[in-house]
Amino acid sequence: MVIFEEISRFIASKSNIVRKFYSISQNTQKPSTGEYNNQTVLNFCSNDYLRLSKNQLLIEEGITEMQKSGTGSGGTRNISGSNPLHNELEEKLAKFHEKEAAVLFNSAYNANVGALFSLGKYLDNITFFSDEQNHASIIHGINLSKAKKIIYFHNNLEDLDLKLSKNSSQNKVIVCESIYSMSGNRTNISKLVEIAKKHKCLIYLDEVHAIGIYGNGKGIAFEDGLSDEIHIINGTLGKAVGCVGGYISTTSAIAQFVKLNATTFIFSTSLPPFVCASVLKSLEIIESQANLQQQLFANVKFIKEALKEKNIHILQNSSHIIILPIHCLEKVKGISKNLLELHNIYIQPIFYPTVPLGKELLRITCCPQNSQEELELLVEKLNHELELHGVKKSITVVARKSVLSRTQAEAFILHIKEKYPQYYIAENYISTFGDSHTQKPIHELEFTNAFTKEIEQAIVQNENTIGVSSLKDIEIITKNGIEVECFLERVNPRDVLILNKNAKEKISRGGNVLKVGTSSIRRKHLFEELYPKILPNNTKVEIVSIRGNIDSRIQKLELNDGDDGYLDGVILAAAGLIRLQNSVLFNDKYFELTKEKTFIMLPISQFPTPPGQGVIACQALEGFSEFFTNVNHLPTAEIVKKEKKLFHENGTGCRQGFGVTHISFKNHECSFIKGITDDGRILNVARQENFSLTKEEILKMCDSRKFSLYKRTKIEYTIPSDAKNFFVATKHAVTNSVIPHLQNANEVWASGFKTHELLSKNGILCNGSVESFGFDELQNIRLPLNFEPFYTLTYQSDEAKNDPFTIATYSMQLETNSSDYKQFCEELSNANVVLWVSLQLYKDFSHLTQPNAKHVCMLGKTYDYISQKEKKENIVGIFNFEALEQHIKSLS
């Protein structure tokens with residue numbers, strides 16, 4: 001049958017993650033051990049944290065009840081499966097957590113699925129706010145209910161608070177764990193309760209890894225004195241309690257509600273009564289014998305300190321769970337296999353789907369019964385296998401908690417993993433001064449390293465820490481032994497204007513005022529000058545100073561017009577959105593934030609950005625230079641050096657109203673400096689470097705711009721009905737019949753800024769220009785919102801005829817009888833330097849040039865074509881005519 005073939009193919013495709021289930025016999029006489037292949041092994045991965053499953057009192061209690069009532073319950077709780085012990089245990093579990101009632105399930109998994117399904121399915125207007133690392137049972141229960149869910153960053157209660165503040169659901173439920181199994185992280189219950197009260201939320205707390213160990217066995221909430229603030233507690237009887245089963249403790253009403261609706265309760269055979277008897281005895285021991293928990297924590301402390309002494313990296317947490325990241329499937333399997341088969345130590349490897357791909361780890365748990373000799377043996381053999389598999393060294397990457405900062409860290413970590421696969425990369429995301437002071441504009445903050453001070457402190461405190469930030473946020477290059485050691489390859493340095501749907505409608509109607517938010521003086525000053533050139537239909541702009549992360553800024557566009565804080569548009573760094581789009585972790589966030597938005601990429605020549613915008617910089621203590629040798633992107637480092645030099649020549653600090661951007665393209669370089677300094681000086685510089693022409697050559701150059709050589713004639717053409725994206729290669733392609741298509745297009749891009757201006761004058765909202773770098777540059781600077789093909793509008797040529805995505809709207813014929821034609825031919829034949837204004841001009845006239853004439857042209861398609869025809873030393877590329885004119889002016 002086909003179905004069996006498909007199943008076989010599926011299993012074969014997953015062969016690398018098929019698990020080997022080691023059969024380990026348990027040992028009631030020596031609880032810390034088991035038996036594997038007739039050998040005694042130390043078990044360092046059991047969830048039976050106190051080893052109460054081996055306790056003789058529990059065993060005897062269970063046997064006594066089994067002899068009385070048998071091995072099973074006989075049915076579901078609704079049909080013959082309720083025993084007095086079930087009721088007694090539920091009453092005990094309610095009292096255990098200081099609640100009114102409890103509901104028993106066959107497992108904590110079933111308890112989560114049943115309770116969360118019931119809440120989400122049968123309550124109106126409910127939204128779950130779920131930690132991104134919640135257990136599969138929580139995810140399953142929420143998804144099964146089909147209720148709305150919002151995921152917040154792992155253990156990031158600031159993000160939870162922000163997401164709650166933007167939600168208007170009547171019923172809000174926060175779902176999280178007190179201790180997370182695969183990180184050992186603890187939730188700040190006090191802060192959680194504060195946020196829940198602020199937003200009137202119900203709290204659902206999964207305490208499965210805390211029950212029996214913390215708070216006299218009653219969990220983290222009890223330990224913190226906050227049990228009465230938690231509305232529903234989920235617990236397990238199968239870990240520290242040493243038996244099997246799960247439960248929720250809650251109010252009487254919620255307990256009855258769950259019993260009425262939870263399919264995992266209604267339709268599951270209930271726990272055997274002998275299990276209930278053993279659980280009751282276990283809870284009695286847990287409450288009366290605190291020495292078990294005390295010895296467990298002493299052993300955990302010993303292991304953590306011993307691993308630290310061996311420079312073995314573990315995740316930092318304050319729980320009993322010890323996490324050793326491996327980040328490699330083959331290695332984690334190999335280490336686990338060797339520990340078991342060579343050293344009689346059992347630690348199950350953890351990999352996908354338990355953790356994401358690339359997050360493979362060893363999860364170590366000890367027990368109170370472990371001797372010091374056993375713990376020492378664990379550390380010794382673990383160290384040996386880690387060295388053998390080359391996974392001992394560790395580095396911590398620290399960055400801000402914001403989404404964009406995490407995408408920067410993600411990009412750096414991927415780079416490091418590629419260059420240094422033998423390193424552990426731990427991640428530490430922190431809040432900075434600038435993150436917590438979101439009401440003031442950046443230039444009004446009290447100090448300039450508002451987003452990096454705390455990162456610098458983390459580096460000083462831990463010598464193996466690398467800080468990752470936007471270069472533009474780093475004010476001081478060397479401080480307290482910290483150096484900016486390397487840069488990743490620059491992403492698009494431009495700024496982008498993001499408009500909402502309402503803004504587009506306002507622009508199309510004409511004569512309206514848009515509210516546009518920005519966080520910098522530079523953007524405010526430059527945009528006041530730029531917007532009349534790029535926004536059509538006499539659109540005006542009111543510029544508003546704003547702060548916040550990318551989420552909060554873009555979400556201001558989603559408010560209703562007239563609401564407090566509403567904006568029609570915001571100006572942001574394009575690099576952040578590009579990294580968001582390319583992110584493995586946050587790609588969905590890009591499409592969520594940009595839905596129904598319009599991007600206008602602001603041109604570098606008119607809107608230069610701060611030094612280093614689009615550059616990820618890495619800070620570390622002195623001594624990391626060798627490590628960074630294979631990471632540092634030298635061309636980017638050179639660009640940054642030049643931008644900072646030019647910036648400091650004109651002013652310093654984020655209070656400046658000008659930008660400096662240095663572009664390197666096809667071995668040509670140009671700097672754009674534009675804006676106003678704090679002392680009122682107006683800057684407008686386009687400075688091209690390595691311009692290989694002498695003053696005499698430039699002053700005698702044959703400039704084709706001075707001549708009118710072609711007659712342009714409109715021709716018949718057809719624009720396909722599915723054409724939604726357009727690239728306007730020349731301003732002459734914009735005919736009256738083309739304009740309606742462009743006005744209704746999804747995206748319109750121009751070849752140069754002058755064409756962009758012309759489109760705007762014709763009522764067309766243009767998404768930006770490639771600034772004469774050619775159509776191929778579009779893929780480097782465009783932020784995709786759709787994936788339709790682009791149609792190029794240009795003039796008639798053989799190339800245009802053969803390309804189905806090129807539309808010719810006019811033809812060009814040389815006017816050979818004109819005086820301009822004759823004068824140009826004469827100048828051209830005698831010129832040593834020729835400026836070509838277009839590719840067609842070169843094709844039509846290059847045969848008249850002298851053999852060693854120098855050819856000056858824009859750096860796009862024309863430059864590429866001439867490069868194939870002329871000697872390399874005879875070609876001079878220019879960024880734009882403004883840069884050329886300024887260069888000529890400086891010479892004369």
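Reader: What percentage of the 892 residues in the protein chain is buried?
Author: This is a predicted model. A residue counts as buried under 20% relative accessible area. Of the 892 residues in the protein chain, the buried share is 57%.

Reader: How many helices and strands does the protein chain have, and what box do its C-alpha atoms fill?
Author: The secondary structure comes to 33 helices and 38 strands. Taken along the principal axes, the C-alpha atoms fill a box of roughly 115 × 70 × 55 Å.

Reader: What share of the contacts with a separation of 6 or more joins residues 24 or more positions apart?
Author: Contact means heavy atoms within 4.5 Å. Among contacts in the protein chain with a separation of 6 or more, residues 24 or more positions apart account for 70%.

Reader: How many disulfides does a search of the whole structure find?
Author: A disulfide needs two cysteine sulfur atoms within 2.5 Å. The sulfur of Cys176 is too far for a bond, because the closest cysteine sulfur, in Cys201, is 11 Å away. Cys243 is in no disulfide either, with the nearest cysteine sulfur, that of Cys276, 9.3 Å away. The search of the whole structure gives a count of zero.

Reader: Is Cys176 buried or exposed, and what is Cys243?
Author: Cys176 has 0% relative accessibility, so Cys176 counts as buried. Cys243 has 21% relative accessibility, and the cut-off for buried is under 20%. Cys243 therefore counts as partly exposed.

Reader: What is the area of the nonpolar surface patch that includes Ile3?
Author: Ile3 lies in helix 1, residues 2–13. Ile3 is partly exposed, with a relative accessible area of 47%. The patch is made by Met1, Ile3, Phe4, Ile7, Phe10, Ile11 and Val18, and its area is about 760 Å².

Reader: How far apart are the end C-alpha atoms of helix 24?
Author: Helix 24 covers residues 634–650. At 1.5 Å a residue, its 17 residues should span 24 Å. The model agrees with that, as the end C-alpha atoms are apart by 25 Å.

Reader: Which residues of helix 24 are buried?
Author: In an α-helix, residues three or four places apart point the same way, because there are 3.6 residues a turn. The buried residues of helix 24 are Thr636, Ala637, Ile639, Val640, Glu643, Lys644, Leu646, Phe647 and Asn650.

Reader: Which residues does Gly74 touch, not counting those up to four places away in sequence?
Author: Gly74 sits in the loop between helix 2 (56–69) and helix 3 (84–96). At 64% relative accessibility, Gly74 counts as exposed. With residues up to four places away left out, Gly74 touches Ile79 and Ser80.

Note on methods: Residues are numbered from 1 along each chain as its sequence is written. This is a predicted model: local features need pLDDT of at least 70, side-chain atom pairs count only at pLDDT 80 or more; totals for chains, interfaces and linings use all residues. Side-chain values use heavy atoms; hydrogens and water are left out. Buried means under 20% relative accessible area, exposed over 50%, partly exposed in between (1.4 Å probe, protein chains only). Patches are made of residues with over 30% relative accessible area and no salt bridge: like charges are joined within 9 Å, nonpolar side chains (Val, Leu, Ile, Met, Phe, Trp, Tyr) within 5 Å. Accessible areas come from the Shrake-Rupley method with a 1.4 Å probe; for residues, only the protein chains shown count as cover. A salt bridge is a side-chain nitrogen of Lys or Arg within 4 Å of a carboxyl oxygen of Asp or Glu. Helices (H or I, at least four residues) and strands (E, at least two) are DSSP runs, numbered from the N terminus. The expected span of a helix is 1.5 Å times one less than its number of residues.
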